[in-house]
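Please look through the model shown here, with an eye to its side-chain contacts and its paired strands. The report that follows takes these topics one after another.

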Amino acid sequence: MFSRRSRLLPILLIALIGVVGYRPLLGWLRSLPRVQEIRPDKATAIKPKGSAPPVAISENDWPGWRGALLTGMTNGSAPVLPFCVPEDVVWKINVPGHGHASPVVCGNDVFLLTSDELTETISLLAFEAESGTEKWMCELHQGGFERLHQDNTHASSTPVCDGTALFSVSLIQHALHVSKVDLNGNLVWQTEAGPYESFHGYGASPLLYQHLVIVGGDNHGRGFLSAIDRQSGELIWRTARQNLRSQGTPTIASWRGQDVVIYAGQSSVTSYHPLTGEELWQVVAAADETANTPTSSGDLLFTTGGYPQHCVQAIQLDGNHEIAWEQKVNVYVPSLLVSGNRLLAVQDNGVARLFETTTGKDCGTRRLGGDVSASPVGVGEMAVVINENGRVFFFRIADRLELVGQTDLGTPTYASPAIANGRVFLRTTDSLFCVDAPDMKMK
């Protein structure tokens, strides 16, 4: 029988080989051919000929990943927090298949992406927000599943709704496919955004901007950022990125008075023109691999490193895009949350940290217990954090991080919550909850 020390030697040797060979591998990957780029006519891109309807969502909707504001915060009707399970559960339903995609709420409907490994199908589901009654199911793909990380699923990308249709991204047969489904459950079109070589699967989410659906495709094959016309399904532009994997989701920020796409990962934070895909600037920051979404507040952009670098950073959006401050904290999967002049960073190992946004000053730490994959969401000074065991924590974010309550969903949870119409919608590994607390009592 081997001793503990002898059993560790092979593991340490493999780790050493990995460290020594990591940089040469990156260099070789960077040298591979890039994806074929697509460049639009600039005049047409600025004033498109298509007839995509304006995005029509209300402040009470949660139309996609990180909500309507793309920050994880809502400015719509505020739910009563903290809530308690099962006392405050309005309805709970079983969800077929598997998926870590977050709920999407538009109007009176809740939408979920799900997958079935046995039949290799990916489907979009619709439920009544008031009752949880299933309205329809639209099968998007059958067959062609790729390899996954054990903690990933084939339905981890959160769809996005423009008020008239839903858009989702699936990894099928070495490519990312974007699907448009109308609100009656009819498949309208499907378009390939670009090639994708799976290592851990896919987990980023689509982003809406004006008439476009923007899709990030960092991978070990030919990395890219693409934009597809919402109305026609036409691939409008595609910009090549490095041939390095990452799982971050692009977002929109304001730079010099204009909207820009921000994409973190591959050892950089890069800004693109949202209508043309033209690269505007790049900062050496973040990490080789990220798995979350940057957020901005004022003239600061907040991002985190995941692997192998560990950091939380604030980057100046004006001037020379310098790093304003940095904390050596490992936040890989959960996205950051800004409330006032405080930044909430929840580490994957279940440690919640609060920083001052302008200086990076440490304002408090709280160990939650259990790993965390879901991103925090909130309204005002209140934030909701869920660990993978399904334990829900409620924080008041002020000068310090104040735990004001907790409850338990009773089921493993990887998906982030959605806040819509004054209620909270939560997806566990097997169920969908709608929660509405009746009053402000502490629980």
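In this predicted model, the charged end of Arg66 sits over the ring of Trp65, at 5.6 Å from the ring centre. An arrangement of this kind is also found for Arg147, whose charged end sits over the ring of Phe199, 5.0 Å from its centre.

Because Trp91 belongs to strand E1 (residues 89-94) and Phe425 to strand E31 (residues 423-427), the pair ties together parts that are 334 residues apart in sequence. Both Trp91 and Phe425 are buried. The rings of Tyr196 and Tyr202, with centres 5.4 Å apart and planes at 85°, form an edge-to-face pair. Tyr196 has a relative accessible area of 2% and is buried, and Tyr202, at 6% relative accessibility, counts as buried too. Elsewhere, Phe302, Trp325 and Phe355 form one aromatic cluster.

Charged side chains make a further set of contacts. Side chains of opposite charge can pair when their charged atoms come close. The structure holds twelve salt bridges, and the table lists three of them.

| Salt bridge | Distance, N to O |
|---|---|
| Arg423 and Glu130 | 3.4 Å |
| Asp399 and Arg342 | 3.5 Å |
| Glu402 and Arg396 | 3.6 Å |

The side chains of Arg423 and Glu130 meet in a salt bridge, and this pair links distant parts of the chain, since Arg423 is in strand E31 while Glu130 is in the loop between E4 and E5, 293 residues apart. Arg423 counts as buried at 14% relative accessibility, whereas Glu130 is exposed, with a relative accessible area of 57%. The side chains of Asp399 and Arg342 also meet in a salt bridge, with Asp399 in the loop between strand E28 (391-397) and strand E29 (401-408) and Arg342 in strand E23 (residues 342-346), 57 residues apart. Here Asp399 counts as exposed at 57% relative accessibility, while Arg342, with a relative accessible area of 7%, is buried. In the salt bridge of Glu402 and Arg396, Glu402 is partly exposed, with a relative accessible area of 39%, and Arg396 counts as partly exposed at 31% relative accessibility. Salt bridges that share partners join Glu130, Arg423 and Asp436 into one network.

Strands of a sheet pair through backbone hydrogen bonds, either parallel or antiparallel. Strand E3 (residues 109-116) pairs with E4 in the antiparallel sense over eight bridges, and Asp109 stands opposite Glu128 in E4. E3 and E4 form a hairpin with four residues between them, and Glu120 in the turn has a positive phi of about 50°. E4 also pairs with strand E5 (residues 134-142) in the antiparallel sense, over seven bridges, and Phe127 stands opposite Glu134 in E5. Five residues lie between the strands in the hairpin of E4 and E5, where Gly132 takes a positive phi near 85°. Strand E4 (residues 121-128) is largely enclosed by the rest of the structure, because seven of its eight residues are buried.

A separate topic is an open sheet of four strands, in the order E18-E19-E20-E21 and with antiparallel pairing. Its edge strands are E18 (295-297) and E21 (323-327), each pairing on one side only.

Key. Residues numbered from 1 in each chain as written. Predicted model: local features only at pLDDT ≥ 70, side-chain atom pairs only at ≥ 80, totals over all residues. Heavy atoms only, no water. Pairing = 2+ DSSP bridges. Helix = DSSP H or I, 4+ residues; strand = E, 2+ residues; numbered from the N terminus. Buried < 20%, exposed > 50% of the residue type's maximum accessible area, 1.4 Å probe, protein only. Phe/Tyr/Trp six-rings, centres within 6.5 Å; stacked < 30°, edge-to-face > 60°. Lys NZ or Arg CZ within 6 Å of the ring centre and 35° of its normal. Salt bridge = Lys/Arg side-chain N within 4 Å of Asp/Glu carboxyl O.
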